[in-house]
Amino acid sequence: MEEAEWISAVLNGQSQAFGHLVTRYQGMVYRVCIKITGEAESAKDMAQEVFIKAYKALPSFRGQSSFSTWLYRIAYRTCLDWKRANDREWRHRSTADYTENDWVTSHTPEQAALSKEASQELDQNLNSLTEPYRSVVQLYYFQHHSYQEIAEQKGVSVKTVESQLYRARQMMRKSGEEWR
């Protein structure tokens, strides 16, 4: 069966057909999740959550984009929501909440501080970008998508993606210089 037939079968009550879609796209969804979460267990949990959301939302799939693009967007948004919630949780932890492993993996206090500072600067710099620049940078640099893949997902030309990445780099350089 083809993808459209599987989708149609699921919509007609044959829920087991969704398993074919899961099998076909589980690698892509897991890669998105692991890139954003950075943790294998969390990525597995998020991938399951993505497929549950996709199954529930399948009646709203209009076919205006490919199923993989639609599923990618669900995965991306689900993982970003998880990351935002998880980042808030880490910010609110007290020193007593950290495990011995948290302290051991941080190397020295100086390294941990420098790493945290660099990460915060990158986050600030990235968050200062407006759309579509922020998402293009995330897709290209953090999720390692090609220009062609980004163009397909965003529904724009490859030249537009190249232009947006060029402008984003310029904005980030300028923004980084202002902080120094």
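How many salt bridges does the structure hold? The structure holds five salt bridges, a salt bridge being a side-chain nitrogen of Lys or Arg within 4 Å of a carboxyl oxygen of Asp or Glu.

This is a predicted model, in which local features need pLDDT of at least 70 and side-chain atom pairs count only at pLDDT 80 or more, whereas totals for chains, interfaces and linings use all residues. Residues are numbered from 1 along each chain as its sequence is written, and side-chain values use heavy atoms, with hydrogens and water left out.

Among the five salt bridges are the following pairs.

| Pair | N to O distance |
|---|---|
| Glu3 and Arg24 | 3.7 Å |
| Asp81 and Arg84 | 3.0 Å |
| Lys159 and Glu162 | 3.5 Å |

Helices are DSSP runs (H or I, at least four residues), numbered from the N terminus. Glu3 forms a salt bridge with Arg24. Glu3 belongs to helix H1 (residues 3–11) and Arg24 to helix H2 (residues 18–37), so this pair ties together parts that are 21 residues apart in sequence. Glu3 counts as buried at 17% relative accessibility, and Arg24 as partly exposed at 47%. Here buried means under 20% relative accessible area, exposed over 50%, and partly exposed in between (1.4 Å probe, protein chains only).

Asp81 and Arg84 both lie in helix H4 (residues 67–91), three residues apart, about one turn of the helix. Asp81 is partly exposed at 42% relative accessibility, and Arg84 is partly exposed at 45%.

In helix H9 (residues 158–179), Lys159 and Glu162 are three residues apart, a separation of about one helical turn. Lys159 is exposed at 62% relative accessibility, whereas Glu162 is partly exposed at 30%.

Notes: Helix = DSSP H or I, 4+ residues; strand = E, 2+ residues; numbered from the N terminus.
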